[in-house]
Amino acid sequence: MAKVTLLAHTPQPEKAVAAAAKLCYSPSDIDHIMDGLTEEKTASFVDMLAEIGHESPIEHASFTFGLEGVSRALLAQITRHRMASFSVQSQRYVFEVSFEYVLPPYIAAIPEAKAEFLAAMEEDQRHYNRLTDLLKANHKKSLLAQGQDEQTAERMALKMAIEDARFVLPNACDTKMLVTMNARSLKNFFALRCCNRAQWEIREVAIEMLALAREAAPHLFACAGPGCVHGPCPEGRMTCGKIEEVRKFFRGMGGATC
């Protein structure tokens, strides 16, 4: 099961956004831009930005999440969100001695399918280990012939071996990553990935990220979620048909009032 942690965010994220908005709409100078930004005034600025659709000021708040127990399939999806920064545990440098994997719930629900899946994971591990051993032995022999000492040759050969052996690892193989997005990119991410039509794994992760973001900045993310939370379903004929159920769920998360 995925574990989502909010590791860091802009200090007083809503106040940073409010200061940016204040600068846009008042003659305040930088030295006094934070003056008068009480909790109530900050909330007013943030709510006003949402109401008029002025989103550039919210880019001044950023959030860093740690994701664990997620699949390489999720990695392929989340990195499509280009206005973000990612740091991912490398299969090139980390030896997958006994790799963990994500078991899709629909597969887990069918005993025969689950057994087939687990057998495939075991087979992948065997192929990975065998390829690593074969490649490592060949690389080590070559490195020793080039004059490397035993310890250095062993270390370098393993690294060179797993660089190619990883090609047999499956999409199910789990990974860890850090993801940083500004609030505007996050809201776009939530609009797409909290939707019922999003793939199940990234949807679960997105909902967890949204819950944590709302705790840190409740006004900033009050209306965040799939597009249908604050407007018509953007999926058109592909709609899930559960708009009221979806709105009730997301508007109830963290006491959001949208």
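This note goes through a predicted model of one chain, from its overall form to two local details.

1. Local features rest on pLDDT of at least 70 and side-chain atom pairs on pLDDT 80 or more, whereas totals for chains, interfaces and linings use all residues. Residues are numbered from 1 along each chain as its sequence is written, and side-chain values use heavy atoms, with hydrogens and water left out.

2. The chain has 9 helices and 4 strands, these being DSSP runs (H or I of at least four residues for helices, E of at least two for strands) numbered from the N terminus. In order from the N terminus, the elements read β-α-α-β-α-β-α-α-α-β-α-α-α.

3. The C-alpha atoms of the chain fill a box of roughly 70 × 50 × 25 Å along the principal axes. Of the 258 residues, 38% count as buried, a term that stands for under 20% relative accessible area with a 1.4 Å probe and protein chains only, while exposed stands for over 50% and partly exposed for values in between.

4. Helix α6 covers residues 150-165, and its buried residues are T152, A153, A157, A161, I162 and A165. These buried residues pack against α5 (111-145), where contact requires heavy atoms within 4.5 Å. At the start of α6, a side-chain oxygen of D149 comes to within 3.2 Å of the backbone nitrogen of Q151.

5. Q12 lies in the loop between β1 (3-9) and α1 (13-25), and its phi is near 45 degrees, a positive value in a residue other than glycine. Most residues other than glycine have a negative phi. Q12 is also exposed, with a relative accessible area of 54%.

Definitions and conventions. Expected span 1.5 Å × (residues − 1). Polar contact = N/O pair within 3.5 Å; in protein donor to acceptor, adjacent residues only side chain to side chain.
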